[in-house]
Amino acid sequence: MSIKFPKGVFVILVTTVLLSAALTSYAYSMWYAKLGLDVFVKSGNLDVNFKCCKLIYCCCCCCSHHHRYRSNCWVSPDGSSINVNLDNIYPGWSGWLVMLLKNEGSLPAKLGDDGVSVVTGGELGKYMRVVRMYVFGPFKGTSLSLWKKIDVNNIRIPYLSKFPLVLDPGEGIIILIKLHLSRNAPYGASGTLSIRVNAEPYNG
């Protein structure tokens, strides 16, 4: 004796079976891709860090305020960020933050369109903005010889690059960020900036 299903029930059963098979296949492919990425990452290490930084600021205007403000920058202990402290700066202030970033890991690293991110705090959050960014490199080995020759008044076009880019193991780049404080900012504004690198393993 055979069992006959109504046509609608039969269609639902077939659809359910096909959908289950498709979902199982998709889940397997996602698991396999993740497994491949895990194996790739575990076969080496991603280590892209800031090595040093310096602030260069202009002294051609508002000279009466220059003796009053203080600024400094430093690399975090783990090299993942650069921190900047600006204290008692004046409206219209501008300066360059120069940073050396190196790939000291064994994996190529990809820096996307947002290769570095800038986060402001304190009074600077509302009035400070990045007006320009340059990237020099990548360079093999040490970039300190070029680092010492950086002249923000004479940017050498042949060295320029831009995000996104790939840093091979042992390569480094020099990043220049021009900062500007709005003329609408209050006198004696203070605050901090944090610059972080956004890198991921590159499997090209």
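Colleague: Which residues does Arg132 touch, not counting residues up to four places away in sequence?

Modeller: Arg132 touches Trp96, Leu176, Ile177 and Lys178, not counting residues up to four places away in sequence. A contact means heavy atoms within 4.5 Å. This is a predicted model, in which local features need pLDDT of at least 70, side-chain atom pairs count only at pLDDT 80 or more, and totals for chains, interfaces and linings use all residues. Residues are numbered from 1 along each chain as its sequence is written, and side-chain values use heavy atoms, with hydrogens and water left out.

Colleague: Why is Arg132 called partly exposed?

Modeller: Buried means under 20% relative accessible area, exposed means over 50%, and partly exposed lies in between (1.4 Å probe, protein chains only). Arg132 has 40% relative accessibility, so Arg132 counts as partly exposed.

Colleague: What makes Ser81 buried rather than exposed?

Modeller: The relative accessibility of Ser81 is 3%, and therefore Ser81 counts as buried. Ser81 touches Phe50, Trp74, Val75, Ser76, Ser194, Ile195 and Arg196, again leaving out residues up to four places away in sequence. Of the 204 residues in the protein chain, 35% are buried.

Colleague: In which strands are Arg132 and Ser81 found?

Modeller: Arg132 is found in strand E6 (residues 128-140), and Ser81 has its place in strand E3 (residues 81-89). Helices (H or I, at least four residues) and strands (E, at least two) are DSSP runs, numbered from the N terminus. The protein chain has 3 helices and 10 strands.

Colleague: What is the order of the strands in the open sheet of 5 strands?

Modeller: The order is E1-E4-E9-E6-E7, with antiparallel pairing.

Colleague: Why is one side of strand E1 and of strand E7 left without a neighbour in the sheet?

Modeller: Strand E1 (48-57) and strand E7 (160-161) stand at the edges and each has a single partner strand, so one side of each is left without a neighbour in the sheet.

Colleague: How do you know that E1 and strand E4 pair?

Modeller: Two strands pair if DSSP finds at least two bridges between them. E1 and strand E4 (residues 94-103) have 9 bridges, in the antiparallel sense. Tyr57 stands opposite Gly95 in E4.

Colleague: How far apart are Arg132 and His180 in sequence and in space?

Modeller: Arg132 and His180 are 48 residues apart in sequence and 9.4 Å apart in space, taken C-alpha to C-alpha. For the protein chain, 84% of the contacts between residues at least 6 apart in sequence join residues at least 24 apart.
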